[in-house]
Amino acid sequence: MAAIPDKIQTWQMVEPGKEGKPGVLQKTTIPMPELAEGDALVEVAGCGVCHTDLGYFYDGVPTVSKPPLTLGHEIAGTVLAGPEALVGKEVIVPAVMPCGNCPICDEGRGNRCLAQKMPGNSLGMYGGFSSHIPVPAGDLCVVEDAKFPLSHYAVVADAGTTPYQAAMRADLKQDDLVVITGITGGVGVYMGQIAKALGAKVVVFGMQSNKYMLSKLMAFDAEIIGTWGCLPEYYPKVLEMVQDGRVQIEPFLEVKPMSTIQEVFEQQHNGLFDKRQVLEPDF
Ligand SMILES: [Zn+2]
Ligand SMILES: [Zn+2]
């Protein structure tokens, strides 16, 4: 297993963007932190680029931890240090890690816990566009017998699991009819597959204007539910669907070296990708 270096190599957002103008990214090193009780150190294999990252980097959406910080919350990697049972394991880092100890968490709504830790947002200065990241160990989802390169499992950390949370929230049942708008989007491709895996009948549309769809929803006496990430406890269920092929990830992702982060952000901001971009550290 890889040794633990004394520094983390990372692409930091040193300035956020505003009104569509990009922020400033800088390749730098930060000290390797002393691991806190209950944390694990993950060597990053890959980190997916999410539209949430672009919101921080172009649109002035505020991060909880102020810059400089490293973006990236869609992470897969290998545990180098932490609880003994996890060391050496390949893991997916949930995008949102609830505190587990507040009234919101107690109600089973931990994905919107106000004390949650989210890499690249509210996990101090740490994010996935790095060589390593310290994360809460308790929520890690272990990947046994990886069927694809580990970096590819990064997409499960957010794009693949957020729709599962939406399905649970909507109380999706076998034979329900599910209408998916935006099936071609990064999350939409997984919503379709997960709904089908859960036994729903699925009707899909490509990208539709929300306004148009809202009027259609009224006709169904439907409601709109938002979701922010996914409860860590659901990750093994989604991973199982990925491992047995009910949810395909390979056709919907593309791997690039992390050193291309600037151009990947720019191209994705300009809508040039159909596939999720996963960046692999190449410091
Ligand atoms: Zn995301
Ligand atoms: Zn909480």
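Colleague: What do the buried residues of α4 pack against?
Modeller: They pack against α3 (162-169), β9 (177-180), β10 (201-204) and α6. Helices (H or I, at least four residues) and strands (E, at least two) are DSSP runs, numbered from the N terminus. A residue is buried if 20 or more other C-beta atoms lie within 10 Å of its own, exposed if 12 or fewer, and partly exposed in between, with C-beta atoms placed from the backbone.

Colleague: Before we go on, what kind of model is this?
Modeller: This is a predicted model, in which local features need pLDDT of at least 70 and side-chain atom pairs count only at pLDDT 80 or more, while totals for chains, interfaces and linings use all residues. Residues are numbered from 1 along each chain as its sequence is written, and chains are lettered from A and ligands numbered from 1 in the order in which they are written.

Colleague: Back to α4, then. How many of its residues are buried?
Modeller: Helix α4 covers residues 188-197 and is mostly covered, with eight of its ten residues buried. Among them are Tyr190, Met191 and Ile194. Just after α4, Gly199 has a positive phi of about 95 degrees.

Colleague: How is the chain divided into domains?
Modeller: Domain 1 consists of 7-158 + 226-280, and domain 2 of 164-219. These bounds come from an automatic or database domain assignment. Taken over C-alpha atoms, the centres of domain 1 and domain 2 are separated by 24 Å.

Colleague: And how many residues of each domain take part in the contact?
Modeller: Domain 1 gives 15 residues to the contact and domain 2 gives twelve. Two residues are in contact if their C-beta atoms, placed from the backbone, lie within 7 Å. On the side of domain 1 that touches domain 2, helix α6 (residues 235-243) provides the largest share, three residues.

Colleague: Which classes of residue are on that side of domain 1?
Modeller: There are seven nonpolar, four polar and four charged residues on the side of domain 1 that touches domain 2. Here Ala, Val, Leu, Ile, Met, Phe, Trp, Tyr, Cys and Pro count as nonpolar, Asp, Glu, Lys and Arg as charged, and the others, Gly among them, as polar.

Colleague: New topic: Gly206. Is Gly206 buried or exposed?
Modeller: Gly206 is exposed, because 11 other C-beta atoms lie within 10 Å. Gly206 sits in the loop between β10 and α5 (210-219). Leaving out residues up to four places away in sequence, Gly206 touches Ile183 and Thr184.

Colleague: Which non-glycine residues have a positive phi?
Modeller: Glu19 is one of them, with a phi of about 50 degrees, and Asp175 is another, with a phi of about 70 degrees. Glu19 is in the loop between β1 (7-15) and β2 (24-31), whereas Asp175 is in the loop between α3 and β9. Glu19 is exposed, with 7 other C-beta atoms within 10 Å; Asp175 is exposed, with 7 other C-beta atoms within 10 Å.

Colleague: Which peptide bond is cis?
Modeller: The bond from Pro67 to Pro68 is cis, with omega near 5 degrees. Pro68 is in the loop between α1 (51-58) and β4 (69-70).

Colleague: Last topic: in what order do the strands of the open sheet come?
Modeller: The order is β2-β1-β4, three strands with antiparallel pairing. The edge strands, β2 and β4, each pair on one side only. Two strands pair if DSSP finds at least two bridges between them.

Colleague: How many bridges join β1 to β4?
Modeller: Two bridges join these antiparallel strands, and Leu69 in β4 is the bridge partner of Met13.
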